[in-house]
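This report walks through selected parts of a protein model, one topic at a time. The sequence and structure come first.

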Amino acid sequence: MIANEIERYHIPVVQVTSIPQISQGMKVNRIFEGNGITHPFGVPKEKAENERQIRIKMLSEALEMLCH
Amino acid sequence: MAEKYKVIHYLNQFFGQIGGEDSAYQEPLYKKGPVGPGNLLNSQLENAEVIGTIICGDNFASENPEKLVSFFRQVIADEKPDILVAGPAFNSGRYGMACANLCKSAKNLFGIACLAGLFEGNPAVDLFRTDIDILRTKANAAGMKEAIHNISNVVSDFSNGDLVSDANRNLFFPKGKLKNIFDKDTASDRALHILKLLVKGGEAATEIELPHIVNHEKAVLKKKLSEAEIALVTDGGLVPVGNPERLESRGASKFLVFDITGSEGLQKDKWSINHEGYDKQFVLEDPNRLVPLDALRYFEKTGKIRKVHQQVISTTGVATARAVCEKLGREIGLMLQEQNVDAVILTST
Amino acid sequence: MKLLEKIKYINRIDFGDHTRIDKDRLIVNTQEIETFLKTKIDHLEDVETKIVRSSDKIRIFRVFDVIEPRMKLTPHGTDYPGVISKVGKVGSGETLILKNVAVVLIDGKKREWKPVIEHTESYGDISNYASLNLICVSIKMGNEIDDQTYHRSLYIAGLQLSVFLCYRNKENNVDVEDVYTDVNARKRQHKVGYFYQLCSAQYVSSESGPIFLGKTADNFLPIAITPTMGIDGALTRNFFEQGFETYSIQNNAIIYSLLKDEEIDFRGIVISISSMNDQDRTRNSLIAASFFKNFMDVGAVVMSKAFGGASNIDLEKTANELSEYNIVCVPIIQVTSVEEKLSDSLIFQTDVFKHLVCSGWTHEKVTLPRDVPNLFKPETLKLEGDLILEIEFIKGIIDNLGSGRLKVVEV
């Protein structure tokens, strides 16, 4: 809902969520699947530096979605 | 034999058989007994009768609502009615507003049970639906017979001061509140009842109709990513330690804005989470797992994006009413537009 | 599968010299109960037992769980297998059930005063617990005991006590016997399954309670079980799951209705938990749908859910899989948010669910009357004004498993 409302102001939004069906049901335009409800941009079982690299990679993909 | 309930009927100049647009400034007048469609209503009523009709021109009513109310007050003093029926006004804006205003006064000032008959698209519906009982009608007088039939059923069942009952609730527009009621059957029996109808190839009613969602026009990034300013927004309940602005942990009524100018990432001892809908421990250990500021800064440094917007926006996305979410979303959108933000990464939990 | 339920109605409860059942009277000795529980639970320092008679007017605070006394007669010693006895077979043989009575567990650790049981006449028609005879138990353990251990111990104590009470039915007489067999079921016309979502994974990060034959909720895959297993002790409650109590699980209204209906061939139950991510959700829905289609061959499925909005999504995903096999689903859901329109308060929006039952709006605020005596009220709760709480915290009214009569309307 928030994503769609922000887009009314011509600002593209990528929603990162672990429940993509909710966003699909709301017809959100750009949905990126997060890595779990409790840590969408996290991978707790990895060491901190690895986790940061994975987060960078995830965010990179999410940012790319803005271009489409 | 018990006395019948006394109904006053309100009509505009046209249905009250005075005239058309030329009579739109007709001052309020009162006639004993039913007029026009009131006759059909009266013939169908049980336990009630239309004792009189107030007729008023739509323009007069629009421009002088207080005079109409004063007139009404006098009629009530003389006739002591139990119920006011206004319209049906179908999709007529001025007539609808006059009906709704009169009903609101009848209810709030005089304590008289009342209803107005209006079409969904009538502007009076959205303005008055939480204040008065509005019966659904079709868009125009082709729906008169059905409207009168429904009104007569509702009025005939009147008792205990309430026109709306569990039995006829579906004829009215909801006021925008939910209510628990007790059915005679348990939920499992109701489910079994529906199931058996379906497996036998029949039809069954549902207790909730699913809504129709409209497609939203896709916003497009108007520049290259490397020229764009990106903002981070979350509904995961991110707050500074201590939650000084008191963001709610559920049913958020607002959003918060945090300045992160100069921050390389979100440091764990500065941030907390106030959100009932998920286990916070992982995000508390590292808030960048919710709002990836450290990663976005990396892309600012490497030039993949031009700039990280200096504010992070946070609200709580659990048990928050859709209407509130929409309002918050719009306020956030407007604010970001005014600040020339090009795109948003929104993290939800 | 054949299960014989032997039912005894308890019409009165008293304190006495020796815990036993004397005709229709349950007599309870608190010292005996404390001694018994201390043999079953380590580090138990103190047990407080209060009885509430069916006609008493009282408000019970800090309700942790409600348990109906049930005991396996045959096979003997398989009560709540994996939890308080060794893993063994349940869902067949004979089970003794004491009706009109329940064990209420009081949470002595959490500061919260909710949930309550409103044990008064005015709630008699609407709460499952308002007219029961109750044995309320609060336990005390050392201060060094962490919350998880405390709550697990409290739950075990409740299960143990409920079996102990049945065990004391030495006269072995019962009032009613009910038989459930699949031989009878197979003769009926319409094949139906039940999708039973036991708990939500949203809160399972620390150790969760046992849910199936002693197995906990983490890493749980959907499992197919027979209908009578569902009501005979195989399923226990993930302690923190809201929306139903152990009593509701034991008396699952959906299972009993399906078992008793003369037109329904109740083929089986798939138990599942709601997931935290899309991959788990997809996996679970595929497994569940396969059970219903390929092994149970049903034409329709009733669904119930765990607490919370995200749980709806797993139901929806399973229903979508089932719809590809033309298997129709009827879910029982609750409204948890404060939307204006009923349809807006549902978190799923595909049109797979054309027929829904709504068993209550959890957030409706209720004002409790002032003149009701208190039991186990925490000292920290000051009773100056009215007590107002959401209806979900008055136990026995909203039941995710279908026993309540609530319905939600837009007004």
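## Helix α2 of chain C

In α2(C), the buried residues are C:H151, C:L154, C:Y155, C:A157, C:G158, C:L159, C:Q160, C:L161, C:S162, C:V163, C:L165 and C:C166. The helix covers residues 147-167 of chain C, 21 residues in total. From its first C-alpha to its last it reaches 30 Å, close to the 30 Å expected at 1.5 Å a residue. These values, like the others in this report, come from a predicted model.

## Helix α6 of chain C

Helix α6 of chain C, residues 278-295, has 18 residues. Its reach from first to last C-alpha is 25 Å, close to the expected 26 Å. Buried in α6(C) are C:R281, C:N284, C:S285, C:A288, C:A289, C:F291 and C:F292. They cover an arc of only 150 degrees around the axis, so they lie on the same side of α6(C). An α-helix has 3.6 residues a turn, so residues three or four places apart point the same way.

C:Q279 and C:N294 are exposed on the other side of α6(C). The buried residues of α6(C) pack against the strands β14 (190-200), β17 (223-225), β18 (264-274) and β19 (300-304), and against helix α7 (311-323), of chain C. Just after α6(C), C:D297 has a positive phi of about 55 degrees.

## Nonpolar cores

Which residues have the most contacts inside the largest nonpolar core? They are B:A191, C:V192, C:Y194, C:F292, C:V301, C:V302 and C:C329, in a core of 71 residues. C:F292 is also one of the buried residues of α6(C). Neighbours within four places in sequence aside, C:V302 is in contact with B:A191 and B:L195 of chain B, and with C:V192, C:Y194, C:I254 and C:V330 of chain C.

Another core lies apart from it and has 54 residues, among them C:L26, C:L96, C:I117 and C:L154. C:L154 is one of the buried residues of α2(C). In soluble globular proteins, nonpolar side chains tend to be buried together.

## A three-stranded sheet in chain C

Three strands of chain C form an open sheet in the order β2-β4-β3, with mixed pairing. At the edges stand β2 (12-15) and β3 (20-22), each with a single partner strand, so one side of each has no neighbour in the sheet. On average, and with direction ignored, neighbouring strands of this sheet are turned by 25 degrees against each other.

β3(C) and β4(C), residues 25-28, pair in the antiparallel sense over three bridges. C:I21 has C:L26 of β4(C) as its bridge partner. C:K23 lies in the loop between these two strands, β3 and β4 of chain C.

## A six-stranded sheet in chain B

Chain B holds an open sheet of six strands, ordered β2-β3-β1-β4-β5-β6, with mixed pairing. Its edge strands are β2 (29-32) and β6 (134-137), each of which pairs on one side only. Strands β4 (residues 83-90) and β5 (residues 113-119) of chain B pair in the parallel sense over five bridges. B:F90 has B:L118 of β5(B) as its bridge partner.

Helix α6 of chain B, residues 144-156, packs on the sheet and touches β1, β3, β4, β5 and β6 of chain B. Its direction makes about 160 degrees with that of β4(B). Helix α3 of chain B, residues 65-79, lies across β1 (5-12), β2 and β3 (48-56) of chain B, running at about 150 degrees to β3(B).

## Backbone exceptions in chain C

Most residues other than glycine have a negative phi, and most peptide bonds are trans. A cis peptide bond joins C:T74 and C:P75, with omega about -15 degrees. C:P75 is in the loop between β8 (70-74) and β9 (93-99) of chain C. Another cis peptide bond joins C:K114 and C:P115, with omega about -10 degrees. C:P115 lies in the loop between β10 (101-106) and β11 (117-119) of chain C.

Phi of C:K23 is positive, near 55 degrees. Is C:K23 buried or exposed? With 10 C-beta neighbours inside 10 Å, C:K23 counts as exposed. C:F376, in the loop between β23 (374-375) and β24 (387-390) of chain C, has a positive phi near 60 degrees. C:F376 has 21 C-beta neighbours inside 10 Å and therefore counts as buried.

## Chains A and B

Chain A has three helices and two strands, which run α-β-α-β-α from the N terminus on. Of its 68 residues, 60% are buried. Chain B has 10 helices and 13 strands, and 45% of its 349 residues count as buried.

Methods
Residues are numbered from 1 along each chain as its sequence is written. Chains are lettered from A and ligands numbered from 1 in the order in which they are written. This is a predicted model: local features need pLDDT of at least 70, side-chain atom pairs count only at pLDDT 80 or more; totals for chains, interfaces and linings use all residues. Helices (H or I, at least four residues) and strands (E, at least two) are DSSP runs, numbered from the N terminus. The expected span of a helix is 1.5 Å times one less than its number of residues. A residue is buried if 20 or more other C-beta atoms lie within 10 Å of its own, exposed if 12 or fewer, and partly exposed in between; C-beta atoms are placed from the backbone. The arc is that of the directions from the helix axis to the C-beta atoms. Two residues are in contact if their C-beta atoms, placed from the backbone, lie within 7 Å. Two strands pair if DSSP finds at least two bridges between them. Axes are lines fitted to C-alpha atoms, for helices over the stretch in contact, and angles run from 0 to 180 degrees between N-to-C directions. A nonpolar core is a set of buried Ala, Val, Leu, Ile, Met, Phe, Trp, Tyr and Cys residues joined through C-beta atoms within 7 Å.
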